[in-house]
Amino acid sequence: GHDNCHYDSYESQLERVFSPVWEAAGMKLTCQNAGEGGGCGDDFRNQVYCIKQNVSPKVDIAHYTWTYFEVGGGGDALVARENLIRWSQMLPRQPPVHTFSMFTRPKGLEYNKEYELVERYSKYGYNTFYMRGGYFAGGWDYKIETENGIDRFGWGYVGDGYHNTTRYGENEENPDRKESLGVVMRNWHPGPLAFQFISDAFALTYSKAILLALDLIQKEIANGNDPRDKWDASKRKMLSKKSLPEPKFCGPEYCVVDEAPGCLNFELPTFGQWGSKVEDPNDELNPHKGELQNWEIWHEANDIWHMVGKEDQVIFQDRDDKEICRHLDACGGISATSSDNGMVVFRLPKMEVGLVVICGCCGKDIATEMFINNTNIEVMYNGAVLDPSTWDVFPTNKCVRLLKRFPTEGAAAMNPTGHAYLSIKALGDQEKPVRVSHVITL
């Protein structure tokens, strides 16, 4: 929802338009917006590893909305999507993954690859919604307009051909706000009117699914059966890595697993469960008990207008309801600037593969400078110093893979306490803060 008010994001609109259905049944719908801006350096490659922490473990549907970051990403995008689909099926409620794309359905080889992904995982609910394709399917002749010099998907254009503002914009007394709510594309981000189209498309799809489910329930009741005997949540069959088809794009070492990756993500917001944890310096099992451990948690200090477009700032600056514009996301990390900070020790969760990755903050191409080439840090795993020459940038340019899999020899392979520990020690003054935003394990 960046460059708009948070209130106008599609997640917020979806929650408002779809909630009454659930309230009528005595339930509450929550749409968790765990979106993170590109300023922290993240992209789809690393954030899919954090499905267990970024959203609640009770999530029923997961949306993947990184598609404009995928441009130029080559096969990495399909790898990330397939990873996410498979890992999501290992979560308690096995949520389907729905991809939102701002573009039209691709053609040729790219379409064939996306279709292969949908075909392979449609059984598990995977699908993609193409925003512009939906607009074109409505019947408005965008092609003729484009030939006449009208680009409704140009930055700041008001009106999508069907409407000139959102439904709630019709009741807006401020003409500037009403017009702002009619913007289709702010820039590369959609505006409120396109976000309404997106939220309506998802709400309609999910409403149809509910009606189909109610028909099935009614049929069971008509046949004298208790539908809970068939569809109660406790009856849901567990899935394992062997339950899913062979992967098409992702590497089996990391995507054919029985548990989704663990993630300790210091960025905001997150709604789920962390994987690694910062160990108490005085814990009896801490292998570095007695050593200086004084790294500091940091979060970007954003004000209410962070990533809110200037147009909305002008409209809301004197309004009492300006708080609806505030975005929740903020970069974050745990930091050291000198040897005075000593080390940070992470207790790692149970792992299946032995993959250990750390990501830095803030920037897209910082992994090599902050970690690999930084002679003023020392990284240890289970008390053994790790050799930076064995590390590589993975899965994106802000992250470093410290271990590809469990060590099989030497001190690092030993695990005397039953827990695996990762420590990072500041050996001297740092040119820039060493700041860890994520610890990813698998």
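## Salt bridges overall

Searching the whole structure turns up 28 salt bridges, each one a side-chain nitrogen of Lys or Arg within 4 Å of a carboxyl oxygen of Asp or Glu. This is a predicted model, so local features need pLDDT of at least 70 and side-chain atom pairs count only at pLDDT 80 or more, while totals for chains, interfaces and linings use all residues. Residues are numbered from 1 along each chain as its sequence is written, and side-chain values use heavy atoms, with hydrogens and water left out.

Lys 52 pairs up with Glu 259, their closest N and O atoms sitting 4.0 Å apart. That ties helix 3 to the loop between helix 11 (252–255) and strand 4 (262–265), across 207 residues. Helices (H or I, at least four residues) and strands (E, at least two) are DSSP runs, numbered from the N terminus.

Asp 283 and Arg 347 make another salt bridge, at 3.7 Å between the closest N and O atoms. Here the loop between strand 5 (277–278) and strand 6 (296–299) is linked to strand 8 (residues 343–348), with 64 residues separating the two partners. Shared partners also join Asp 8, Arg 177, Arg 186, Glu 311 and Asp 312 into one network.

## Around Val 48

Val 48 lies in the loop between helix 2 (44–47) and helix 3 (51–54). With a relative accessible area of 4%, Val 48 is buried (under 20%; exposed is over 50%, partly exposed in between, with a 1.4 Å probe and protein chains only). Leaving out residues up to four places away in sequence, Val 48 touches Tyr 64, Ala 80, Leu 84 and Trp 87, contact meaning heavy atoms within 4.5 Å.
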